[in-house]
Amino acid sequence: MKPGFRIGVLGAGAMGGTLGSLLVKSGHTVMLSSRHPDALANRATDLGCCVGTLGEAADFGEIVIAALPLHALDDVPARPLAEKIVVDAMNYYPERDGVITELDEHRTTTSERVARHLNRSRVVKAFNAILAHDLRSDRRPLIDRDRRALPIAGDDAAAKVLVADLCVQLGFDALDAGTLADSWRFERAKPAYCFPLTLAQLRRALACAERDKELPHGSWR
């Protein structure tokens, strides 16, 4: 993928702001979004981004990144995201998002929930398994053999190729971890979640994940 896409970022917290800044440096035009965009204007300018509402960012982006708390999923407008690649960077934290029984019972994944809500979008799970400050500190040149790898998952092969290239542009290797149904392997509290891993280490971490077992809370911080 050549630089120069319009990318809408839903959310302007630590993850949304960091992604926005790095994407601008990679040659993309980025709109951050907030429920109160006026309050975000100065920060967005400092990051090199423009700013709008969730709906405006969804309209703006050729690619859209959802970097919101999972409980805000219902606020994401589905219509302007039809046929677009939507990168799901969200995670499920019950203490923040409330209890979601179908996730606790492993009947679906967070990204399958996103795809159900955005049923005409091309959803790819990515950028959820890295902490915001690590996006800056762990970036490495393409020639670095030990650079960090990020997992991605999705049901649309072409969309995954584009998102994998975004990872490369930002300074990371990308590993295709399968479909949205497989994306539980790098959800919260799994061995591949937010640990700095090379491609080989990431493959092993994904392979050893168990659906009903979690790492101690916060061990990845």
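Colleague: Is Arg107 buried or exposed?
Modeller: Arg107 counts as exposed, because its relative accessibility is 53%. Buried means under 20% relative accessible area, exposed over 50%, and partly exposed in between, with a 1.4 Å probe and protein chains only. This is a predicted model, where local features need pLDDT of at least 70 and side-chain atom pairs count only at pLDDT 80 or more, while totals for chains, interfaces and linings use all residues. Residues are numbered from 1 along each chain as its sequence is written, and side-chain values use heavy atoms, with hydrogens and water left out.

Colleague: Which residue forms a salt bridge with Arg107?
Modeller: Glu105 does, and the closest N and O atoms are 2.8 Å apart. A salt bridge is a side-chain nitrogen of Lys or Arg within 4 Å of a carboxyl oxygen of Asp or Glu. Glu105 is partly exposed, at 47% relative accessible area.

Colleague: How many salt bridges does the structure hold?
Modeller: There are 16 salt bridges. One of them joins Arg35 and Asp75, with 2.5 Å between the closest N and O atoms. That pair links distant parts of the chain, 40 residues apart: Arg35 is in the loop between strand E2 (29–33) and helix H2 (37–47), and Asp75 is in the loop between strand E4 (63–66) and strand E5 (85–88). Helices (H or I, at least four residues) and strands (E, at least two) are DSSP runs, numbered from the N terminus. Arg35 is exposed at 58% relative accessibility, and Asp75 is partly exposed at 40%.

Colleague: And what does Glu102 meet in a salt bridge?
Modeller: The side chain of Glu102 meets that of Arg116, at 2.6 Å from N to O. Glu102 lies in helix H5 and Arg116 in helix H6, so the pair ties together parts that are 14 residues apart in sequence. Glu102 is buried at 14% relative accessibility, whereas Arg116 is partly exposed at 49%. Glu102, Arg113 and Arg116 are linked in a network of salt bridges.

Colleague: Where is Thr109?
Modeller: Thr109 is in the loop between helix H5 (101–104) and helix H6 (110–117). Thr109 counts as buried because its relative accessibility is 0%. Leaving out residues up to four places away in sequence, Thr109 touches Leu103, Leu180, Ala181, Ser183, Trp184, Glu187 and Arg211. Contact means heavy atoms within 4.5 Å.

Colleague: New topic. Which residues line the second largest pocket?
Modeller: The lining includes Leu103, Trp184, Glu187 and Arg211. By class, this lining has three nonpolar, three polar and six charged residues. Ala, Val, Leu, Ile, Met, Phe, Trp, Tyr, Cys and Pro count as nonpolar, Asp, Glu, Lys and Arg as charged, and the others, Gly among them, as polar. A pocket is an open set of points on a 1 Å grid over the protein atoms alone, where a 1.4 Å probe fits, with protein on both sides within 12 Å along at least five of seven lines; lining residues have an atom within 4 Å of a point.

Colleague: What about disulfides, how many are there?
Modeller: The structure holds zero disulfides. A disulfide is a pair of cysteine sulfur atoms within 2.5 Å.
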